[in-house]
Amino acid sequence: GDEAARIIPPEPQDSPLPDGSIAILSPTLRVVPRGASGAFEFEFDTVVGATYAIQSSQSLSDWSTIASIEADAATESFRDPDGGRGTTFFRVLVPGP
């Protein structure tokens, strides 16, 4: 059958925080069309300087961090290094303050 990757967005964070600081909201993920390599790729909006953890799961219950990205642009992208390994779910986490 067809193998597919699904993106599961994290629950949004509240903003602003009680101490008056600004929360970084959960990013919205956008799937990038597969290129010649067939690798699965997505992009997401970021706040420059924030660090984002990319996690994957094949069961939605056990998550593993597979990459960490420190944003240096308004949009970052991630290409699954194990593309084509079966149904895989992805999420992007923003560490708390």
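A few notes on the model follow.

1. Ground rules. This is a predicted model, where local features need pLDDT of at least 70 and side-chain atom pairs count only at pLDDT 80 or more, while totals for chains, interfaces and linings use all residues. Residues are numbered from 1 along each chain as its sequence is written, and side-chain values use heavy atoms, with hydrogens and water left out.

2. The Phe42 ring. There are 7 aromatic pairs here (rings of Phe, Tyr and Trp, the last by its six-membered ring, with centres within 6.5 Å; planes under 30 degrees apart are stacked, over 60 edge-to-face, the rest tilted). One of them joins Phe42 to Phe90: it is tilted, with 5.7 Å centre to centre and 55° between the planes. Phe42 sits in strand β3 (residues 41-45) and Phe90 in strand β7 (residues 88-93), so this pair ties together parts 48 residues apart in sequence. Strands are DSSP runs of E, at least two residues, numbered from the N terminus. Phe90 is buried too, at a relative accessible area of 0%.

3. The ring cluster. Follow the ring pairs and you get a cluster made of Phe40, Phe42, Phe44, Tyr52, Phe78 and Phe90.

4. Arg30 and its partners. The salt bridge count is 3 (a side-chain nitrogen of Lys or Arg within 4 Å of a carboxyl oxygen of Asp or Glu). Arg30 meets Glu43 at 3.3 Å, N to O; Arg30 is in strand β2 (residues 29-32) and Glu43 in strand β3, 13 residues apart. Arg30 also bridges to Asp45, with the closest N and O atoms 2.9 Å apart, and that pair links strand β2 to strand β3 across 15 residues. Put together, Arg30, Glu43 and Asp45 form a salt-bridge network. As for accessibility, Arg30 is partly exposed at 29%, Glu43 is partly exposed at 28%, and Asp45 is partly exposed at 42%.

5. The Arg79 bridge. Take a look at Arg79 and Glu41 as well: their side chains meet in a salt bridge at 3.0 Å, N to O. Arg79 belongs to strand β6 (residues 75-79) and Glu41 to strand β3, so the pair ties together parts 38 residues apart in sequence. Arg79 is partly exposed, with a relative accessible area of 49%, whereas Glu41 counts as buried at 14% relative accessibility.

Technical notes. Helices (H or I, at least four residues) and strands (E, at least two) are DSSP runs, numbered from the N terminus. Buried means under 20% relative accessible area, exposed over 50%, partly exposed in between (1.4 Å probe, protein chains only).
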